[in-house]
Amino acid sequence: MPSIRSSMAPRAWVRLASGRRIDLLNPSPLDFEDEDIAIGLSRTPRWGGHSVWEWPLSVAQHSIQVLELAKDRSAQGLAVPLQRAALLHDASEGLMAFDPISPVKPFLGPGYQALDARLQAAIHVRYGLPANLPADWIAVIKDADKASAAAEARHVAGWTVQEIRQALGITARPPAADPLARRYGCTPWEPWPARTAAEHFRAALAALGPP
């Protein structure tokens, strides 16, 4: 006779900070609030949590940095929807509270990739973005994302310039200065505590207006 546990469908939902539940396998744009993404991203570390500072770098802070770099690198300015897409480019990781490092990703398989894509699509719909972003938007975001990764590898994770190019395969030109230091008056490249990262992310999202 099968046990009760074995006869039950596997749990696919998680409870978020707002008290809402999101079904990771069938997410709805109505399943989460701004604060859920902000708090989730602020508590999700990049670089496997490794840092030369007191705190690891959160995906929330990285996301704001990508937005600022994308704006800096645009000669004509970025439309608000593209700014919103840049800020939310890793938002699915906040709902999962998981940002796998590059060496791990190949082992996670297509199931994880599909789950991530479904979450990101729901986020896009919630914030008035195309479920699949236009190719030119993706190019802008990736350019800023790679530049951010180059700077983070050096100034946060502590990799050498040679290691960044040879071991990580990152050839993007990092920014000469931390755009967040100019924007927020913080110490250049220093990771923020989770509460600070969540507050700044939520404010950045609100500043872009309603979708």
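The largest pocket has a volume of about 1,200 Å³ in this predicted model. A pocket here is an open set of points on a 1 Å grid over the protein atoms alone, with protein on both sides within 12 Å along at least five of seven lines. Grid points are joined across faces, edges and corners, and a volume is the space filled by probe spheres set on the points. Lining residues have an atom within 4 Å of a point. The largest pocket has 35 of them, with R46, D90, E93, K105 and D145 nearest its centre. Helices α5, α6 and α7 each give two or more residues to this lining. Helices (H or I, at least four residues) and strands (E, at least two) are DSSP runs, numbered from the N terminus. By class, the lining comprises 16 nonpolar, ten polar and nine charged residues. Ala, Val, Leu, Ile, Met, Phe, Trp, Tyr, Cys and Pro count as nonpolar, Asp, Glu, Lys and Arg as charged, and the others, Gly among them, as polar.

The second largest pocket has a volume of about 200 Å³. Two or more lining residues come from each of β1 (13–15), α2 and α5. The most, three residues, are given by α2. The lining includes D36, I39 and G40, along with R43 and T44. It divides into six nonpolar, three polar and three charged residues.

Residues are numbered from 1 along each chain as its sequence is written. Local features need pLDDT of at least 70 and side-chain atom pairs 80 or more, totals for chains, interfaces and linings use all residues, and side-chain values use heavy atoms, with hydrogens and water left out. The pLDDT is the predictor's confidence in each residue, from 0 to 100. Its chain mean is 94, and 96% of residues reach 70 or more. Contact means heavy atoms within 4.5 Å.

A cavity is a set of points where a 1.4 Å probe fits but cannot get out. The whole structure holds one cavity of 30 Å³ or more. The largest cavity has a volume of about 60 Å³. Its lining consists of L57, Q61, H62, Q65, E152, V156, D178, L180, W189 and E190. Helix α3 (residues 59–72) supplies the largest share, three residues. Four lining residues are nonpolar, three polar and three charged.

Helix α2 (residues 34–42) is mostly covered, with seven of its nine residues buried. Buried means under 20% relative accessible area, exposed over 50%, partly exposed in between (1.4 Å probe, protein chains only). The buried residues of α2 pack against α3, α5 (91–96), α6 and α10 (194–207).

A nonpolar core is a set of buried Ala, Val, Leu, Ile, Met, Phe, Trp, Tyr and Cys residues joined through side-chain atoms within 4.5 Å. The largest has 42 residues; F32, I37, L87, L88, L95, I123 and F201 have the most contacts inside it. At least two residues come from each of α2, α3, α4 (80–87), α5, α6, α7 and α10. The largest share, seven residues, belongs to α3. Beyond four places in sequence, L87 touches S63, I64, L67, F201, A204, L205 and L208. Another core, of seven residues, lies apart and includes W47, A150, A157 and I164.

P130 is found in the loop between α6 (105–126) and α7 (135–155). P130 counts as partly exposed because its relative accessibility is 32%. Leaving aside neighbours within four places in sequence, P130 is in contact with H124 and W137. The C-alpha atoms of P130 and A85 are separated by 9.3 Å, at 45 residues apart along the chain.
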